[in-house]
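Visitor: Please show me the model, and then let us go through how its parts meet.

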There are 2 protein chains.
Amino acid sequence: MMLDTSKNILIVGLGLIGGSYAKALRKLGFKISAITLNQEDIDYAIENGIIDEGFTEPLPEVLEKAELVVFALYPKVFVEWIEKYQKFLKPGALLTDVTGVKASVVYKIQEMLRPDVEFIAAHPMAGKEVYGVQNSDPKIFHGANYIVTPTEKNSDSAIKDCLELGRLMGFNNVSILSPEKHDEMIGFVSQLTHCIAVSLMNCYDGEKLQDYTGDSFRDLTRIARINDEMWSELFLLNKETLLDQMDKFLAEFEKLRKTLETGDRETMREMMKVSTARRALFDKK
Amino acid sequence: MMLDTSKNILIVGLGLIGGSYAKALRKLGFKISAITLNQEDIDYAIENGIIDEGFTEPLPEVLEKAELVVFALYPKVFVEWIEKYQKFLKPGALLTDVTGVKASVVYKIQEMLRPDVEFIAAHPMAGKEVYGVQNSDPKIFHGANYIVTPTEKNSDSAIKDCLELGRLMGFNNVSILSPEKHDEMIGFVSQLTHCIAVSLMNCYDGEKLQDYTGDSFRDLTRIARINDEMWSELFLLNKETLLDQMDKFLAEFEKLRKTLETGDRETMREMMKVSTARRALFDKK
């Protein structure tokens with residue numbers, strides 16, 4: 001269908017990720033419009049050549065010309081936006097998103113959507129501990145994973161276009177997962193790790209530990225700086241899967257604790273050997 | 001007492017840390033001898049200008065001339081070494097170490113030690129996921145913490161020399177803690193984090209997760225590559241403290257799990273805000 005540079009791309013939500021999409025795509029020659037809440041973000045983006053035009057309202061005349069719309073919103077705001085404004089979308093438009101949870105969002109959107117537009121979900125697994133279009137940078141996509149999560153309702157051409165979008169923006173690894181498999185994976189590699197980092201920082205006991213931390217503690221808690229509004233929403237939207245992952249982690253952690261309590265050095269070493277062998281796979285890539 | 005370059009330094013245990021000490025100190029002009037198990041490590045170290053001379057046995061004539069002896073051994077091997085060979089040490093020699101746990105080692109050594117030599121304990125909080133003198137590199141000390149853990153038995157001059165040793169080798173932050181405070185701190189910032197990383201890799205379920213991991217998972221599990229022989233010994237030598245730290249972490253993790261299970265978004269966000277604020281302190285430094 002598209003992805004030639006004659007097409008109009010609209011970014012809804014010009015934050016860190018929306019802004020990084022805009023930068024990556026405009027550099028490729030696409031015309032980029034944006035809708036976002038704050039005029040100052042639009043002013044910044046125009047002054048810095050990130051977008052061609054921007055609006056603080058979802059104006060019908062802007063929506064009517066967009067052939068690809070990227071939603072870079074929090075999940076619930078995204079669903080509400082579709083409810084309210086989908087009527088203004090251009091027939092034949094392709095919609096995609098950047099939402100960090102899928103099963104709880106994708107089916108809901110696809111169910112309510114007009115039959116003459118298509119929503120193909122994607123998750124760019126990239127981010128920073130800072131926010132806003134001012135910090136946007138398409139380099140965060142390099143070396144990162146981009147996952148398309150199609151359902152039965154998606155056309156082959158939309159899936160193809162969405163994969164191509166990820167490749168064009170410079171993602172290192174572009175792949176397909178079902179919404180459920182995506183949520184399971186993200187529950188483990190991202191949400192669970194954030195739960196761990198948050199819990200670890202919450203048991204910090206008020207002493208000046210930062211004077212004594214090595215790299216391991218810094219690395220492990222880097223993600224403890226967390227956007228609580230966004231992440232609490234993402235956690236709750238992936239509740240059952242994340243609870244399951246947390247329980248699996250708890251079981252292993254308690255098993256390790258038991259080896260220490262009982263002095264079972266052999267089982268302790270066995271767990272360390274397993275972790276060493278599994279982690280080594282990551283560094284081979 | 002010392003730390004002028006006329007003094008003979010002996011490194012016992014020429015691995016990653018022992019080798020890095022040797023490199024740092026020889027570059028400053030000290031004469032460096034080493035005792036280590038394998039002749040090939042000695043050959044490598046001599047060929048690469050890391051040491052002046054090396055021996056696979058604790059020869060009396062080598063021990064008798066060493067004015068500063070650095071023990072870079074596993075804790076139990078260190079204690080056994082002192083039992084067997086302290087009789088050959090030069091009167092007035094200063095001994096120090098690099099052991100990662102303190103209370104279970106320092107008092108034991110000081111109690112059994114000859115009265116005419118002094119042991120001042122230190123912990124260079126630096127490391128890599130690779131081992132051996134072949135990987136040694138004093139750059140790992142830059143930006144790292146070096147902690148001296150004196151007891152009542154230590155002289156002011158030994159404490160001063162030991163602090164100076166850390167500074168000379170390029171440690172960023174050189175400080176003093178009691179053995180008990182050290183173990184509490186290291187239990188939290190290092191051992192607990194390794195327990196978490198090991199547990200997390202042990203719940204990895206066999207799928208090709210490495211295809212989907214973002215930086216957060218990589219950062220969090222980097223330390224899951226662990227020398228099981230060394231770390232199991234260190235964990236068990238700091239058992240009560242580490243169990244206590246593990247329980248504190250478990251309590252916070254279970255609290256967070258509860259907020260997810262019950263949909264208590266406010267408490268969840270509160271925990272995230274606490275972690276964000278505390279972690280931010282680390283990045284200010």
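**Contacts between and within the chains**

Guide: In this predicted model, 73 residues of chain B are in contact with 73 residues of chain A, contact meaning that C-beta atoms placed from the backbone lie within 7 Å. Local features need pLDDT of at least 70 and side-chain atom pairs pLDDT 80 or more, while totals for chains, interfaces and linings use all residues. Residues are numbered from 1 along each chain as its sequence is written, with chains lettered from A and ligands numbered from 1 in the order in which they are written.

Visitor: Which element gives the most to the side of chain B that touches chain A?

Guide: Elements are DSSP runs numbered from the N terminus: helices (H or I, at least four residues) and strands (E, at least two). Those giving two or more residues to this side include β8 (145-148), α7 (179-203) and α10 (239-262) of chain B. With 15 residues, the one that gives the most is α7(B).

Visitor: How are the two copies related?

Guide: Copies are superposed by least squares on the C-alpha atoms of residues with pLDDT of at least 70 in both. Chain B can be laid on chain A with an RMSD of 0.0 Å by a turn of 180° and a shift of 0.0 Å along the axis. The copies are therefore related as by a two-fold rotation axis.

Visitor: Which residue of chain B comes closest to the rotation axis?

Guide: The surface used is the same in both copies, as 100% of the contact residues of chain B recur in chain A. At 2.2 Å (C-alpha), the residue of chain B that comes closest to the rotation axis is B:Leu220.

Key:
Two residues are in contact if their C-beta atoms, placed from the backbone, lie within 7 Å.
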